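Me: I have a structure open and want to talk it through. Can you take my questions as they come?

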Amino acid sequence: MRLKSYFGIFFLSVFGAACISPPDNFPSIPKISFKSMEYAPTSGSDSLIISLDFQDAEGDLGLSATDDDPPFHDVDYQRNSAGDLITYSTRPSDAPSYNPIDWLVNPLVGTEQVNDTIWVKQNPNQYNIFVKFFIKRNGQFTEYRWQDPPFYSTFNGRFPRILTSDTGQAVEGNISYGMLSTGWESIFRNDTIRIDVSIQDRALNRSNEVSSPEVTLNQIARPSN
């Protein structure tokens with residue numbers, strides 16, 4: 001079962017303010033700081049919400065729904081030495097076994113519908129916010145990898161464009177990024193967790209990575225009404 005179908009979908013909001021007289025020290029590579037993290041349980045999917053403050057000298061942050069051409073495409077189709085798509089039946093020995101990350105069933109490749117299972121590699125630049133989860137056991141943090149079984153997915157995502165124009169303009173503001181799940185408590189229970197986050201601009205400059213405090217879900221739970 002894929003994480004996205006089990007956990008629901010992402011939601012996010014972006015609050016950006018263009019600076020009238022931006023400071024000289026605004027960075028070309030996005031700079032972020034961790035502001036807050038909140039857990040909001042509901043009767044349905046629960047929300048884990050992280051909030052980041054950001055600064056960027058050019059304002060080229062965010063991706064629209066139509067930003068799907070290279071370098072923002074979702075996958076790279078794997079081909080053999082003859083240039084043919086590699087199918088599951090013709091896979092080489094170094095190809096992974098079937099899973100919904102590395103193989104696509106009946107994909108549309110360009111304008112051609114391919115009726116087969118095709119080997120692909122995920123393009124990390126399809127995303128512009130990158131989220132890693134860590135869980136503390138026996139005093140040590142270990143990454144909880146959503147891309148591994150049984151979920152084969154990710155909480156990396158995309159936030160929309162901060163500015164509607166491509167004209168370079170310094171910006172600063174706040175990004176609130178929420179992740180929906182029906183399984184936060186069943187997975188993390190009373191464990192101590194940490195989340196590391198970074199963002200990327202359209203020039204593919206990756207920001208610094210920031211970490212949340214070490215918390216349990218109970219410690220950051222939104223008070224019930």
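This is a predicted model: local features need pLDDT of at least 70, side-chain atom pairs count only at pLDDT 80 or more; totals for chains, interfaces and linings use all residues.

Me: Strand 3 first. Is strand 3 buried or exposed?
Reply: Of its 11 residues, 9 are buried, so strand 3 is largely enclosed by the rest of the structure.

Me: Which strands run antiparallel to strand 3?
Reply: Strand 2, residues 31–40, is joined to strand 3 by 9 bridges and runs antiparallel to it. Strand 11 also pairs with strand 3 in the antiparallel sense, over 11 bridges.

Me: How many residues sit between strand 2 and strand 3?
Reply: There are 5, and the two strands form a hairpin.

Me: Back to strand 11. What does the side chain of Ser176 touch?
Reply: Ser176 lies in strand 11. Its side chain makes a polar contact of 3.3 Å with the side chain of Asn174. Ser176 counts as buried, at 18% relative accessibility.

Me: How many bridges hold strand 13 to strand 12?
Reply: Strand 12, residues 192–199, pairs with strand 13 over 2 bridges. In strand 13, Val210 is the bridge partner of Val197.

Me: Switching to the backbone. Where are the cis peptide bonds?
Reply: One joins Pro70 and Pro71, with omega about 10°. Pro71 is in the loop between strand 3 (46–56) and strand 4 (75–77). Another runs from Pro149 to Pro150, with omega near 5°. Pro150 is in the loop between strand 10 and strand 11 (171–181).

Me: Which residues other than glycine have positive phi?
Reply: Asn106 is one of them, with phi near 50°. Arg189 is another, with phi near 45°.

Me: Where do Asn106 and Arg189 sit?
Reply: Asn106 is in the loop between strand 5 (103–105) and strand 6 (108–109), and is partly exposed at 38% relative accessible area. Arg189 is in the loop between helix 2 (184–188) and strand 12. Arg189 is exposed, at 55%.

Me: Last topic. How many aromatic pairs are there?
Reply: The structure holds 15. In one of them, the ring centres of Tyr88 and Trp103 are 4.8 Å apart and the planes are at 80°, so the pair is edge-to-face. Tyr88 is in the loop between strand 4 and strand 5, and Trp103 is in strand 5, 15 residues apart.

Me: What about Phe133 and Phe155?
Reply: Their ring centres are 5.7 Å apart with planes at 45°, so the pair is tilted. Phe133 is buried at 1% relative accessibility, and Phe155 is buried at 2%. Both belong to a cluster linked by ring pairs, along with Tyr144, Trp146, Phe151, Trp184 and Phe188.

Methods
Residues are numbered from 1 along each chain as its sequence is written. Side-chain values use heavy atoms; hydrogens and water are left out. Two strands pair if DSSP finds at least two bridges between them. Helices (H or I, at least four residues) and strands (E, at least two) are DSSP runs, numbered from the N terminus. Buried means under 20% relative accessible area, exposed over 50%, partly exposed in between (1.4 Å probe, protein chains only). A polar contact is a pair of N or O atoms within 3.5 Å; within protein, one must be able to donate a hydrogen and the other to accept it, and residues adjacent in sequence count only if both atoms are side-chain atoms. Rings of Phe, Tyr and Trp (its six-membered ring) pair if their centres lie within 6.5 Å; planes under 30 degrees apart count as stacked, over 60 as edge-to-face and the rest as tilted.
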